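This note sets out some remarks on the structure shown below, for a reader who wishes to check each point against the coordinates.

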Protein chains: 2
Amino acid sequence: MPKKYPFAPIHHTLTNVLTDHNLAQLGDAYTNFVYSLAESSLKHKPTGKKLKGALLAQALKKANLRKHLPSRTNTHALADAAEALLVYAWLHDHITLQESVTTLQKGKNTIEALAQLLTTAKDRIKLS
Amino acid sequence: MPKKYPFAPIHHTLTNVLTDHNLAQLGDAYTNFVYSLAESSLKHKPTGKKLKGALLAQALKKANLRKHLPSRTNTHALADAAEALLVYAWLHDHITLQESVTTLQKGKNTIEALAQLLTTAKDRIKLS
């Protein structure tokens, strides 16, 4: 169990991570903070920016993670899944805030960068 | 200049920190993430929760920081000021995310805990 955040759930399948609604709630706050930091770096001044659900959903598909969710899952739930995965990897110390921010700044656009971040998270949590 | 976040402004007075609207924008994302982590610890499961502006404004007054802002400053701007100070201290490595979360969990209520966090931030950035 993670020492820093003992409330972090431990899941044994990727689908369980992606469909954890509690994780998605915290993941929303996490993702917006990481995205705001990345945008601040880009603009060379502090700023706050919310990530649109459609972008998260598209990034999840691009990262080839769509198949781990039921076929009828809607865009909102796909975005939740992405947020859940990102914060799960962070809570379990598989990625730092700093690396997440740096990864988000790379890629030719936000969807590509998010897809890369999701792939990194997925690979490191070692669940299938 | 902070190595990790070179976009972080360097201010020479506390009033300049408290009235920096760019900082307040990033501070909003920071504060909601910290508060969500503290609430998650309290509930023993991940959750997301937004801090109400009125609570932040009251905490700023309780921390005796009201006097550093113009007398006509409204509640919204007081909340912005609190968020700006909290993220400024974090960006400049005066407080960690972990310590912020722990501090927020203490105190007999959210306003008291926030006031303590603001006081810690103010003391450590060493500006008046």
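The points below take up the interface, the helix packing and selected residues in turn.

1. The structure is a predicted model. Every value quoted in the points that follow should be read with this in mind: local features are reported at pLDDT of at least 70, whereas totals for chains and interfaces use all residues.

2. Interface between the chains. Chain B places 21 residues in contact with 20 residues of chain A. Helix α2 of chain B, residues 21–43, supplies 12 residues, the largest share of the side of chain B that touches chain A. That side of chain B consists of 8 nonpolar, 10 polar and 3 charged residues.

3. Relation between the copies. Chain B is superposed on chain A by a rotation of 180 degrees, with 0.0 Å of shift along the axis and an RMSD of 0.0 Å. The two copies are therefore related as by a two-fold rotation axis. Both copies use the same surface, since 95% of the contact residues of chain B recur in chain A.

4. Helices α2 and α4 of chain A. What angle do the axes of α2(A) and α4(A) make where they cross? The axes of α2(A), residues 21–43, and α4(A), residues 75–91, cross at roughly 80 degrees and come within 7 Å. An angle of 65 to 115 degrees counts as roughly perpendicular, so α2(A) is roughly perpendicular to α4(A). On the α2(A) side the contact is made by His21(A), Leu23(A), Ala24(A), Leu26(A), Gly27(A), Asp28(A), Tyr30(A) and Thr31(A). On the α4(A) side the contact residues are Asp80(A), Glu83(A), Ala84(A), Leu86(A), Val87(A), Tyr88(A) and Trp90(A). By class, this contact of α2(A) with α4(A) holds 9 nonpolar, 3 polar and 3 charged residues.

5. Helices α3 and α4 of chain B. The axes of α3(B) and α4(B) are 8 Å apart, and the two helices pack at an angle of about 70 degrees. They are therefore roughly perpendicular to each other. From α3(B), the contact is made by Gly53(B), Ala54(B), Leu56(B), Ala57(B), Ala59(B) and Leu60(B). The partners from α4(B) are Thr75(B), His76(B), Leu78(B), Ala79(B), Ala81(B), Ala82(B) and Glu83(B). The contact of α3(B) with α4(B) comprises 9 nonpolar, 3 polar and 1 charged residues.

6. Helices α3 and α6 of chain B. Helix α3(B), residues 53–62, also packs with helix α6(B), residues 110–125, at an angle of about 55 degrees and with the axes 8 Å apart. That angle makes α3(B) oblique to α6(B). The crossing of α3(B) past α6(B) is right-handed. The α3(B) residues in this contact are Leu55(B), Leu56(B), Gln58(B), Ala59(B), Leu60(B) and Lys62(B), while α6(B) contributes Thr110(B), Ile111(B), Leu114(B), Ala115(B) and Leu118(B). By class, the residues of this contact divide into 8 nonpolar, 2 polar and 1 charged.

7. Burial along α3(B). Which residues of α3(B) are buried? They are Leu56(B), Ala57(B), Gln58(B), Ala59(B) and Leu60(B), and they pack against α4 and α6 of chain B. Just after this helix, Asn64(B) takes a positive phi of about 65 degrees.

8. Positive phi values in loops of chain B. His44(B), in the loop between α2 and α3 of chain B, has phi near 60 degrees, a positive value in a residue other than glycine. His44(B) is exposed, with 9 other C-beta atoms within 10 Å. Asp93(B), in the loop between α4 and α5 of chain B, has phi near 65 degrees, again a positive value in a residue other than glycine. Asp93(B) is partly exposed, with 13 other C-beta atoms within 10 Å.

9. Lys122(A). Is Lys122(A) buried or exposed? A residue counts as buried if 20 or more other C-beta atoms lie within 10 Å of its own; Lys122(A) has 23 and is therefore buried. Lys122(A) lies in helix α6 of chain A, residues 110–125. Leaving aside residues up to four places away in sequence, Lys122(A) touches Leu14(A), Ala63(A), Leu65(A) and Leu85(A). The C-alpha atoms of Lys122(A) and Ala38(A) are separated by 21 Å, these residues being 84 residues apart along the chain.

Conventions. Residues are numbered from 1 along each chain as its sequence is written. Chains are lettered from A and ligands numbered from 1 in the order in which they are written. This is a predicted model: local features need pLDDT of at least 70, side-chain atom pairs count only at pLDDT 80 or more; totals for chains, interfaces and linings use all residues. Two residues are in contact if their C-beta atoms, placed from the backbone, lie within 7 Å. Helices (H or I, at least four residues) and strands (E, at least two) are DSSP runs, numbered from the N terminus. Ala, Val, Leu, Ile, Met, Phe, Trp, Tyr, Cys and Pro count as nonpolar, Asp, Glu, Lys and Arg as charged, and the others, Gly among them, as polar. Copies are superposed by least squares on the C-alpha atoms of residues with pLDDT of at least 70 in both. Axes are lines fitted to C-alpha atoms, for helices over the stretch in contact, and angles run from 0 to 180 degrees between N-to-C directions. Angles under 35 degrees count as roughly parallel, over 145 as roughly antiparallel, 65 to 115 as roughly perpendicular and the rest as oblique. A crossing is left-handed if the near helix is turned anticlockwise from the far one by less than a right angle, and right-handed if clockwise. A residue is buried if 20 or more other C-beta atoms lie within 10 Å of its own, exposed if 12 or fewer, and partly exposed in between; C-beta atoms are placed from the backbone.
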